[in-house]
Amino acid sequence: MAINFPEGTQNYRNRILQTTFNFANNNVSNFGSSYVESRCNVSITPLESNSSIIIEVNCMQWISGNVYHKQQLRCTGGATNNDIGTYADVYGNGTSYAGYWLYRHTSHNTTSALTYKIWFQRGYFPNNSNGGNLSWFMKATEYAA
């Protein structure tokens, strides 16, 4: 008995086209309400212009006292988008915590190189690193349409 997949064939196409990864232990501080560029970034060159790109961010961070912290994913390169997604309801009172975020970019419409970077307000992003320990990573995975 043959198994037929949704598109009617017996060869199921792999939905994951590629994955890229970047990590480091550098940090930036910002105690104002304007966004500043962090050093957290990942680059990918899409294989298909209509694909979806999922960005994963894992970062230790410190929020300055009694404020709301915001972080925003921006994209430069073949397509520019200054707000792919914003997480804006993180409240801190001078504490450090681990954060993990997922973003989805479906409107890049390009096969040119893209660079994704986190911009943030109020605190250290990522938190102060010490001894060369890993303090952040970002992963970009391209999925076929």
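Leucine 102 counts as partly exposed, with a relative accessibility of 44%. In this predicted model, leucine 102 belongs to strand β7, which spans residues 96–105.

On the surface, Leu102 forms a nonpolar patch with Tyr87 and Tyr100. Together these residues have about 300 Å² of accessible area.

## Salt bridge between glutamate 37 and lysine 117

The structure contains two salt bridges. One of them pairs glutamate 37 with lysine 117, and the closest N and O atoms are 2.6 Å apart. Strand β8 covers residues 114–120. Glutamate 37 has 38% relative accessibility and counts as partly exposed.

The side chains of lysine 117 and glutamate 37 are also joined by a polar contact of 2.6 Å. Leaving aside neighbours within four places in sequence, lysine 117 is in contact with Glu37, Ser38, Cys40 and Asn41, and with Gln72, Leu73 and Arg74.

## Salt bridge between glutamate 56 and lysine 139

A salt bridge also joins glutamate 56 to lysine 139, where the closest N and O atoms lie 3.5 Å apart. Here too the pair links distant parts of the chain, 83 residues apart: glutamate 56 is in strand β4 (residues 52–63), and lysine 139 is in strand β10 (residues 136–143).

The two partners fall into separate accessibility classes. Glutamate 56 is buried, with a relative accessible area of 16%, whereas lysine 139, at 27% relative accessibility, counts as partly exposed. The class of glutamate 56 follows from the cut-off, because buried means under 20% relative accessible area.

How many disulfides does the structure hold? The number is zero. A disulfide is a covalent bond between the sulfur atoms of two cysteines. For cysteine 40, the closest cysteine sulfur is that of cysteine 59, at 4.4 Å, which is too far for a bond. From the side of cysteine 59, the closest cysteine sulfur is in cysteine 40, again at 4.4 Å and too far for a bond.

Cysteine 40 is buried, at 0% relative accessibility. Cysteine 59 also counts as buried, at 1%. Cys40 is among the residues in contact with lysine 117.

Key. Residues numbered from 1 in each chain as written. Predicted model: local features only at pLDDT ≥ 70, side-chain atom pairs only at ≥ 80, totals over all residues. Heavy atoms only, no water. Disulfide = S-S within 2.5 Å. Buried < 20%, exposed > 50% of the residue type's maximum accessible area, 1.4 Å probe, protein only. Patch = residues over 30% accessible without salt bridge, like charges linked within 9 Å, V, L, I, M, F, W, Y side chains within 5 Å. Areas by Shrake-Rupley, 256 points an atom, 1.4 Å probe, with all protein chains shown as cover. Salt bridge = Lys/Arg side-chain N within 4 Å of Asp/Glu carboxyl O. Helix = DSSP H or I, 4+ residues; strand = E, 2+ residues; numbered from the N terminus. Polar contact = N/O pair within 3.5 Å; in protein donor to acceptor, adjacent residues only side chain to side chain. Contact = heavy atoms within 4.5 Å.
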